[in-house]
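Hello,

Here is the structure I promised to pass on. Please have it open as you read; my notes follow below.

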Amino acid sequence: MENENIIEIEHKLEDSIKFVKGMKRKTFSMGGVHPDGNKFAHSAPVETFPLPDEAVVYMTQHLGSPATPVVKKGDKVKVGQLIGKAESFVCANIHAPVSGVVTKVDTARDITGYHRPAIFIKREGDEWDESIDTSLDIIRDIKLKTKEEIIERIKDRGVVGLGGACFPTHIKYMLKPDQKCDVLIVNAAECEPYISTDNRVIIERCEQCMIGIEIALIASGAPKAIIGIEANKPQAIKMLVETAKRYPNIEVQPLNIKYPQGAEKQLIKAITGRSVPNGGLPIAVGCIVNNITTMYAIYLAVQKNKPIVQTYTTVSGRSLPEEQCKNYRLRIGTPILDVLNSVGIPDDTGKIISGGPMMGKAISNLEAYTAKGMSSLLFMNDEESARKEAQPCLRCGKCVSVCPMGLEPYMLHTFTDLKRWDDAESYGIMNCIECGSCSFICPSNRPILDMIRVGKAKVGGIIRARAVKQ
Amino acid sequence: MRCIISRRNMATTTIIYAALTVGVTGMVAAVILYFVSKVFYVEEDPRIDLVQDCLPNANCGGCGFAGCRAMAEAIVTTNDLNVAYCPGSDLEKIAEIMSLNAVAHEPQVSVVRCNGTCENAPARSFYDSALTCAFANTLFAGEKACPYGCLGCGDCVSACQFDAIKIDPATHLPVVDDGLCVGCKACANACPRNVIEIRDKGKNGRRVFVACHNNEKGAVAKKHCAVACIGCGKCARVCPFEAITIDNSLAYIDYKKCKACRKCVDECPSGAILTANFPPKKAVVVEKEEVVAEA
């Protein structure tokens with residue numbers, strides 16, 4: 001399974017660029033910034049990372065409450081066996097990423113340094129659960145026919161959104177009777193700089209992604225799917241367009257290069273022109289948005305019964321020589337230090353970020369382990385990683401002009417500073433998608449997003465308390 | 001010449017007219033206001049003002065009311081001293097104004113339960129984002145990697161209305177000024193990690209406390225802080241007053257039971273128990289004997 005031969009049917013780059021130039025592109029209207037793409041790992045084929053000797057699997061790899069461990073010390077597990085069960089609504093199942101013996105059910109520190117419930121597995125060989133098809137053959141006939149079966153399988157296999165937020169996927173497809181999905185939007189924008197996993201997954205697993213989308217179409221009940229992809233991935237676009245010829249329900253829509261194109265609401269706006277109401281979900285305008293790698297995960301879950309036990313991770317960054325920028329397919333629970341050491345940590349590395357330079361988090365505890373949706377590990381050099389001293393606000397309004405949600409970030413920053421929570425709420429602090437465009441553009445280097453996050457947490461608490469009272 | 005005089009006259013008359021108009025309007029308004037204030041007089045208990053004067057008027061909100069005025073109103077309208085307690089207030093005077101009996105309140109003080117100084121808990125990472133504990137706490141475990149310890153960004157300092165808490169630049173930890181602290185809980189509420197405890201001031205301000213808040217197992221806790229409580233239980237065994245409990249690998253000294261004998265301080269293998277306001281060592285021995293004799 002792991003030694004999949006990468007079928008390189010890559011198109012010549014020049015041809016693809018010419019091809020994409022001829023296509024009509026779309027984008028969202030309000031705000032946005034243009035950070036350097038720095039897609040160093042775009043043409044690096046996905047390498048399978050060696051199996052770890054000990055895997056530590058967090059029970060909190062998704063948005064929502066932690067999964068409940070269902071194995072105990074001394075249990076023997078096979079790859080793909082259920083070890084963490086979802087017991088609340090917003091939660092996802094977790095499966096063993098390696099085969100071996102459970103040595104501990106305890107807590108482990110994650111990248112933030114906080115303790116999370118985790119299961120420690122000592123690896124012995126690589127034995128997969130019998131129910132899982134580990135062959136590489138592409139299965140084109142969809143095995144499950146009904147919507148309910150597919151959603152149940154997605155839930156059972158622990159599929160979460162692999163774009164970064166790790167929201168349990170099955171919840172998106174569980175529609176209320178009055179909700180109707182008329183277009184499934186597949187997010188392949190990959191607007192964060194450096195990250196190239198979606199690009200590689202499309203190039204190497206294009207057919208599988210398409211089948212995944214067909215499955216998701218059945219689950220959502222939508223008549224058609226549109227893949228939104230930024231124009232900086234010409235080869236992937238050409239491959240998608242050519243493969244989509246065989247799938248009449250799937251359309252490919254190239255997008256202008258602009259951050260945050262891959263944000264749910266912005267992507268819907270760019271592709272369909274619809275605006276998601278404040279505080280609403282995409283389904284309010286008849287859309288479901290899922291990442292393309294999630295589609296591949298859905299394909300694996302339904303056609304091969306394979307749970308998410310591995311993650312695609314780009315290892316890149318400016319302090320790393322370009323030939324060392326790689327894309328890895330690694331098992332969940334692999335020590336991050338192993339991954340970093342495989343490329344070597346350069347001396348001038350000032351910061352290591354998990355998950356994109358715009359929205360990702362700096363890793364403060366390197367002795368942590370990989371989890372679902374860890375799409376990149378970025379080496380920032382000393383110069384990039386140090387913050388410049390914050391100067392007073394100039395009232396230049398740049399943050400207002402780039403905010404894709406039409407907010408006034410400098411005001412939200414000030415309100416949080418002054419603890420004027422009611423004003424922050426009326427200025428729409430809860431609508432902030434935390435894309436970081438304001439902090440990126442600010443000529444005074446003010447930590448705008450940081451303060452907005454403080455305010456958002458506080459105002460969110462106030463709103464919840466109010467709801468409880470009522 | 002005539003022309004100038006007439007102009008001057010004109011100027012004088014203008015001033016006189018203006019003054020008269022304003023003056024008469026003012027007098028008429030004053031008369032109206034007088035009657036209106038008589039008709040719409042709001043009767044307010046004069047004790048509210050008196051009670052408010054006994055409060056610190058820092059409007060910290062620690063009592064649970066919007067400000068000192070609101071608390072004063074609450075005390076007067078309910079005629080009950082227990083409706084709210086402000087440690088910074090002059091309770092006896094309030095009791096006198098209200099002609100009620102004051103319930104004796106032990107003076108309180110805030111105590112920082114973390115001793116993770118730069119030496120004890122060296123920084124593993126560097127944080128240069130927004131300098132507020134509330135945000136740092138959501139981001140990561142802290143520069144010192146202890147997920148329970150003080151973050152040192154000073155949310156308690158900005159919460160304190162009495163200037164009683166400061167960050168020591170050498171240790172990056174907050175230091176409480178006993179003389180200024182009134183125990184209003186504003187700092188404890190501001191701390192996202194509950195590092196600050198509000199406790200009785202103790203006799204002569206003397207207190208013994210565990211300067212650690214870490215629930216991790218001993219071996220783990222000791223990795224990021226040299227003075228972390230490892231939950232060994234030695235202090236609990238040596239305590240003659242059963243004031244110390246061990247819960248979740250962390251010792252806690254009940255200040256109500258503690259007699260400040262300081263046996264635990266010498267016993268603690270990692271030096272996590274700190275004392276405050278005790279005289280220098282020599283006097284210690286004398287006091288220790290006394291306590292033992294009592295026991």
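**A buried isoleucine**

A:I237 is buried, with 27 other C-beta atoms within 10 Å. (Buried means that 20 or more other C-beta atoms lie within 10 Å of a residue's own; 12 or fewer means exposed, anything in between partly exposed, and C-beta atoms are placed from the backbone.) A:I237 sits in helix α5 (residues 234–244) of chain A. Helices here are DSSP runs of H or I, at least four residues long, numbered from the N terminus. Leaving out residues up to four places away in sequence, A:I237 touches A:S16, A:V20, A:I229, A:V252 and A:P254. Touching, or contact, means C-beta atoms, placed from the backbone, within 7 Å. A:I433 is 196 residues from A:I237 along the chain, and their C-alpha atoms are 27 Å apart.

**Before you go on**

This is a predicted model: local features need pLDDT of at least 70, side-chain atom pairs count only at pLDDT 80 or more, and totals for chains, interfaces and linings use all residues. Residues are numbered from 1 along each chain as its sequence is written, while chains are lettered from A and ligands numbered from 1 in the order in which they are written.

**Cores**

A nonpolar core is a set of buried Ala, Val, Leu, Ile, Met, Phe, Trp, Tyr and Cys residues joined through C-beta atoms within 7 Å. The largest one has 191 residues. Among the members that touch the most others are A:I227, A:V57 and B:V210. Helix α4 (residues 197–220) of chain A gives this core its largest share, 11 residues. A second, separate core has 12 residues, including B:C63 and B:I94. Back in chain A, the contacts of A:I227 include A:V186, A:L240 and A:I292, again not counting residues up to four places away in sequence.

Helix α2 (residues 147–156) and helix α7 (residues 292–303), both of chain A, pack at about 105°, with axes 9 Å apart. Axes are lines fitted to C-alpha atoms, for helices over the stretch in contact, and angles run from 0 to 180 degrees between N-to-C directions. The pair is therefore roughly perpendicular; that label covers 65 to 115 degrees, with under 35 roughly parallel, over 145 roughly antiparallel and the rest oblique. A:I150, A:R153 and A:I154 of α2(A) meet A:I298, A:A301 and A:V302 of α7(A).

**Chain B**

Chain B splits into domain 1 (1–35), domain 2 (47–98) and domain 3 (108–294). Those bounds come from an automatic or database domain assignment. Over C-alpha atoms, the centres of domain 1 and domain 3 of chain B are 72 Å apart.

Best wishes

How values were computed:
Helices (H or I, at least four residues) and strands (E, at least two) are DSSP runs, numbered from the N terminus. Two residues are in contact if their C-beta atoms, placed from the backbone, lie within 7 Å.
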